[in-house]
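This report describes selected features of one protein model. Please keep the sequence and the structure in view while reading.

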Amino acid sequence: MSESEPTDLTISAVWEPSGAQIDLASPVSPAWEAAYGMSCASTIEFFGNADQVPASASAYRSSSARPTVSDTWETYCLALPAGVTDASDLAGRELRVVLDESLPFDAWDPTRLVAQVSLGCEMEANLTEMSVDIFVREPYRRAGIGRAALAFARERAEELGRTQLIGWSLVTPLEEGERPASGVRVGAGPQRIDGEAHPASFLLGEGASIDMLEYLSGLQGLTDAARRAELAAHAEGLKAEAAARAGDAYRLVSWVGPTPADLLAARADMATGFSADLDRAEGREPHVFSPERVAELEAACAARGVREYTTAAQVRATGELVAYTLVHWRESSGGCIQEDTWVAPAHRGHRLGLLVKAENLLRLLALDRPPERVVTFNSTTNTHMWAINERLGYERLRTEGTWRMVRRPDGTWGPRGHGA
C-alpha cells in the first residue's frame, strides 16, 4: 500500500433474508451456498461435527424462511470490496463494517463473502442482552475483520437498545494449581483459562470478560455394533441401580416428537423449573413456559427437521411429572445433542436424573438407525450432572467459555466487572 492510498476500508454487511423475505420458489443462489458453507464451517470448528446445521444450502435457506419463536435473529454475510482478493490487501487498513443494501442478497458475488455475523435477541426475558456469533473464513483471519465485525455488533446492539453482548468460544482451561502470567480468572470463581490462546486473547483485548465455562462431552463411535451393545448393557445396569433407589413411587413415560396433550402443562412446568435453575446459575433471567409456548417451540423443532426424544419420571399416585431429559436429533444428521435434564427439588436424591437419562439413552441405542454420537454441554460447576454423564460413558471433548461485554454509562464497552 502506497502512502497516497487511503488507510480505511469499508466491508459490506449483507443481511441474509429470513421469513417471508425468502422466495423458496427461486433457485438456491451461490450467495446462499456461501452462507451455508460458513455456517457449516463455524459449527464444525466449534462442535467437531455439523450435526446442528441442515444438510444442504437449500435446507439451510428453508430453515431461515421459517419464523422463530420468542427470539429474533439477524444474520449478515460480510463482503469485501470489489478488487480486494487477498488478506494481504487488508494490511494496515482501518476496517469498518457498514450495512449495505445496494444489492439483493442473491446477487452478491460469493467469492467476496468472507465472514458471517449472527445476532440474537430474546423477546421475553434478558431484554438487555444480545448474543453474538462471529465466523471469519480461515484465509482472512487475524486481518482485522473480526474486530470490525464486533464493532458492528456493538453498534447494532445500541440501535436495538441492548446493553450487553454475550458470546461463546472454545477456550484453553488451566489445571488446578496452574497460575501462569497468562492466566485469566473465570467470573468470580477459582477457575482460570489461558488468556494468550486464541480467541481468548482477541476477546480480552476487545474488553470482554469471561463469565463461566462448560464442558462439551460426548458418547462417540455409536455406529459400531459392539460399542452400542456395551453401552446398552452398561446403561441397563445404571437404570436398574437408579430404579432400585427410586422405588415404586415413580414410573417412566417416554415419547418422540411433540409432548402428548395431557402432559403438556406438566412439561411446561418442568421447562420453567429447568430454566430457573440454569439461568440463575448463569446470572440471567429465567423463562416462564406456558403450555402454548412449549407447543410452539416443539412445532418449530419439527418444522426444522429436529426430532425430540423425551423421557420423564411420573409419580404413580398423582400423575405428576417430576423429572425429565430431552434429546434433539436433526433427522438429516448423524448425531444428536443431549439437551435439558431436570429433577424437581422435592424429588431429588432418588437418582431420577440418572434414571431418565439411562432410559432415554437406551431408547436411542435401540433405534433401527441409532445416532453416530451424542454430545452435550455441562457447566463445569455442575458437578452432579457431570458425574451422571461420566457414569453413562460421556468423555470430555473440549471446553467452552461464555463471554460478556457491557455498555457503560459513558457509551464505551467493557468487561462485566469481575476480578482479573
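N126 is located in the loop that connects β4 (113-122) with β5 (129-136). In this predicted model, the phi angle of N126 is near 50°, a positive value in a residue other than glycine. Most residues other than glycine have a negative phi, and most peptide bonds are trans. N126 has a relative accessibility of 2%, so it counts as buried, the cut-off for that class being under 20%.

A positive phi is also found at R351, where the angle is near 60° and the residue is again not a glycine. R351 belongs to the loop between β13 and α8. Is R351 buried or partly exposed? Its relative accessibility is 36%, and therefore R351 counts as partly exposed.

A further backbone feature concerns a peptide bond. H198 and P199 are joined by a cis peptide bond, with omega at about 5°. P199 is part of the loop between β8 (192-194) and α4 (200-205).

The table below collects the backbone angles discussed so far.

| Site | Angle | Value |
|---|---|---|
| N126 | phi | near 50° |
| R351 | phi | near 60° |
| H198 and P199 | omega | about 5° |

With β12, it pairs in the antiparallel sense over five bridges, and a hairpin of five residues joins β12 to β13. Within this pairing, H328 stands opposite I337 of β13. With β14 (residues 374-379), β13 runs parallel, and three bridges join the two strands. Here Q338 has T376 in β14 as its bridge partner. Between β13 and β14 the chain passes through α8, which forms a right-handed β-α-β crossover.

How many of the eight residues of β13 are buried? Seven of them are, and β13 is therefore largely enclosed by the rest of the structure. In a regular strand the side chains alternate between the two faces of the sheet.

**Nonpolar cores**

The largest nonpolar core has 47 residues, and among these Y324, L352 and L392 touch the most other members. Two or more residues of this core come from each of the helices α5 (225-246), α6 (264-281), α8 (352-365) and α9 (383-392), and from each of the strands β10 (250-256), β11 (306-315), β12 (321-330) and β13 (336-343). Which element gives the most to this core? The answer is α8, with nine residues.

The surroundings of L392 can be described in more detail. When its neighbours within four places in sequence are left aside, L392 is in contact with L219, L231, H234, L238, L354, K357, A358 and L361. Apart from this core lies another one, of 41 residues, which includes M130, A149, A157 and M405.

R154 counts as buried because its relative accessibility is 16%, and the limit for a buried residue is under 20%.

Helix α2 (residues 57-65) has buried residues as well, namely A57, Y60, R61, S63 and A65. The buried residues of this helix pack against α1 (30-47) and β4.

**Empty space in the model**

Rolling a probe the size of a water molecule over the atoms shows where empty space is left. The structure holds one cavity of 30 Å³ or more. The space in the largest cavity amounts to about 50 Å³. Its lining consists of V327, Q338, K357, N360, L361, L364, V374, L392 and Y394. Which element supplies the largest share of this lining? It is α8, which contributes four residues.

Definitions and conventions
Residues are numbered from 1 along each chain as its sequence is written. This is a predicted model: local features need pLDDT of at least 70, side-chain atom pairs count only at pLDDT 80 or more; totals for chains, interfaces and linings use all residues. Side-chain values use heavy atoms; hydrogens and water are left out. A nonpolar core is a set of buried Ala, Val, Leu, Ile, Met, Phe, Trp, Tyr and Cys residues joined through side-chain atoms within 4.5 Å. Buried means under 20% relative accessible area, exposed over 50%, partly exposed in between (1.4 Å probe, protein chains only). Contact means heavy atoms within 4.5 Å. Two strands pair if DSSP finds at least two bridges between them. A crossover is right-handed if, with the strands pointing away from the viewer, the path from the first strand over the helix to the second runs clockwise. On a 1 Å grid over the protein atoms alone, a cavity is a set of points where a 1.4 Å probe fits but cannot get out, and a pocket is an open set with protein on both sides within 12 Å along at least five of seven lines; lining residues have an atom within 4 Å of a point. Grid points are joined across faces, edges and corners, and a volume is the space filled by probe spheres set on the points.
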